[in-house]
Amino acid sequence: MTGLKSSMPLVARRDFMRGGAAVVGGAAAASLISVAHASSHGAEVSMQLGWLASNGILGEVVAKSKGYYGEEGIELSVTPGGPGVDGVASVAAGRAGVGQLSSSPSLMLARSAGVPVKAFAAGFQKHPFTYFSLANNPINTPQDMVGQTIATQPTAVILLRALLAKNGISEEDVEIVNMGSDMNQLLTGQAAAVTGWQTNTNALKILGEDRVDMMLWDAGIQLYANVYYTTDNMLRDHSDVLARFLTGSARGWGYARQNPVEAAEMLVGEYPILDLASELEAVGPVLGFSFNEVTQENGWAAMNEANWQAQLDIYSQLGQFEGDVPGLGDVMTSEILGATETVRKQVAA
């Protein structure tokens with residue numbers, strides 16, 4: 001595979017937007033929620049996944065199974081998507097009312113390009129994207145990357161560039177090569193580190209007990225994953241539907257937290273193509289990224305304004321925005337979080 005050094009051009013921003021659902025390993029991809037027949041009494045909500053169903057919608061599956069959406073006047077249906085689904089475009093065009101992106105940068109880039117979308121909740125408090133190495137040549141800190149070859153997905157090259165910039169490391173000092181979804185380049189010695197999601201337990205088994213993890217979050221680039229977003233118009237006209245949907249989701253994720261085995265069984269029952277043994281292994285990490293010290297204080301799906309501003313700053317520094325640099329209020333809102341604060345804190349207590 002051809003090595004890409006610092007003379008490498010920036011990843012095409014429109015390609016990055018299209019690849020945003022898979023930008024950091026693709027373990028959880030974009031999903032959409034379409035709202036129809038909204039009224040004070042009820043709303044039909046269609047949740048269309050941008051990829052195959054996975055544990056990224058664990059709480060939604062539980063909420064549907066336990067009747068939590070029904071109690072909130074929400075009728076939820078879920079339709080799996082595929083690699084050709086452009087979630088942001090579907091939401092912006094009104095084909096879907098709300099979306100869920102795997103990674104927050106896709107939303108910022110879309111907003112800069114003039115798409116009126118805005119985040120209102122974050123399902124994963126820490127992004128699972130991680131640099132994996134082996135104990136005989138560990139990458140424990142960004143400084144350990146100096147002089148090394150790092151393999152990452154093409155759409156995640158910008159994340160590595162951001163990581164190096166954040167930690168004052170010259171791109172001349174690191175060789176970046178492309179990888180797919182497997183980890184073979186690490187095992188064959190072609191790269192000192194490969195990248196993926198910690199929740200993708202099946203893919204990580206091949207690395208064995210000598211695996212060394214360095215999370216992108218811990219290295220200074222703190223992205224959100226499973227970001228719930230909508231359009232400006234939806235926030236203006238149907239904020240009650242968004243609040244009721246998020247309330248049902250919060251209850252579902254809260255039940256999953258207390259009953260992880262049952263939740264995994266519900267997920268596989270809804271999607272038999274999934275493997276129960278694998279989902280039982282993954283449910284712990286998934287819940288670990290969904291609930292932490294932040295959610296204990298601020299509730300499930302909380303977002304931090306300073307975090308979003310730091311993301312905007314680093315992407316602006318790297319010249320990633322096609323149009324104007326969006327402001328904080330352009331990319332996120334706390335309105336729906338505020339309307340659901342009580343239940344979100346209850347399920348995270």
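Modeller: A charge is said to sit over a ring if NZ of Lys or CZ of Arg is within 6 Å of the ring centre and within 35 degrees of the ring normal. The model is predicted, with pLDDT of at least 70 needed for local features and 80 or more for side-chain atom pairs, while totals for chains, interfaces and linings use all residues. Residues are numbered from 1 along each chain as its sequence is written, and side-chain values use heavy atoms, leaving out hydrogens and water.

Biologist: What makes Arg257 count as lying over the face of Phe291?

Modeller: Arg257 is at 5.1 Å from the ring centre of Phe291. The limit is 6 Å, so this value passes.

Biologist: Why is Thr333 called buried?

Modeller: Buried means under 20% relative accessible area, exposed over 50%, and partly exposed in between (1.4 Å probe, protein chains only). Thr333 has 15% relative accessibility, so the residue counts as buried.

Biologist: Where is Thr333 found, and which residues is Thr333 in contact with?

Modeller: Thr333 belongs to the loop between α15 (328-331) and α16 (335-339); helices (H or I, at least four residues) and strands (E, at least two) are DSSP runs, numbered from the N terminus. Contact means heavy atoms within 4.5 Å. Neighbours within four places in sequence aside, Thr333 is in contact with Lys118, Ala119, Phe120, Leu235 and Met303. Its side chain also reaches the backbone nitrogen of Glu335 at 3.1 Å.

Biologist: What makes helix α5 largely enclosed?

Modeller: Nine of the nine residues of α5 (residues 104-112) are buried, so the rest of the structure largely encloses the helix. After α5 comes Gly114, with a positive phi near 95 degrees. Helix α6 (residues 157-166) is mostly covered, with eight of its 10 residues buried, among them Leu159, Leu160 and Leu163.

Biologist: What is called a nonpolar core, and which residues have the most contacts inside the largest one?

Modeller: A nonpolar core is a set of buried Ala, Val, Leu, Ile, Met, Phe, Trp, Tyr and Cys residues joined through side-chain atoms within 4.5 Å. The largest has 98 residues, and those with the most contacts inside it are Tyr131, Met145, Leu163, Trp300 and Trp308. Helix α10 (residues 239-258) gives the largest share of this core, nine residues. Another core of 11 residues lies apart from it, including Ala151, Val177, Leu186 and Leu207. In soluble globular proteins, nonpolar side chains tend to be buried together.

Biologist: Why is the pair of Tyr224 and Trp308 called tilted?

Modeller: Rings of Phe, Tyr and Trp (its six-membered ring) pair if their centres lie within 6.5 Å; planes under 30 degrees apart count as stacked, over 60 as edge-to-face and the rest as tilted. By this rule there are 10 aromatic pairs. Tyr224 and Trp308 are 5.9 Å centre to centre with 45 degrees between the planes, so the rings pair and the pair is tilted. The pair links distant parts of the chain, 84 residues apart: Tyr224 is in the loop between β11 (211-215) and β12 (225-231), and Trp308 is in helix α14 (residues 305-317). Tyr224 has a relative accessible area of 2% and is therefore buried. Trp308, with 0%, is buried too.

Biologist: What is the phi of Asn226, and what is that of Ala301?

Modeller: Most residues other than glycine have a negative phi. Asn226 is not a glycine, yet its phi is positive, about 50 degrees. Ala301, not a glycine either, has a positive phi of about 75 degrees. Asn226 lies in strand β12, and Ala301 is in the loop between α13 (293-298) and α14. Asn226 counts as buried because its relative accessibility is 2%; Ala301 counts as buried at 0%.

Methods. A polar contact is a pair of N or O atoms within 3.5 Å; within protein, one must be able to donate a hydrogen and the other to accept it, and residues adjacent in sequence count only if both atoms are side-chain atoms.
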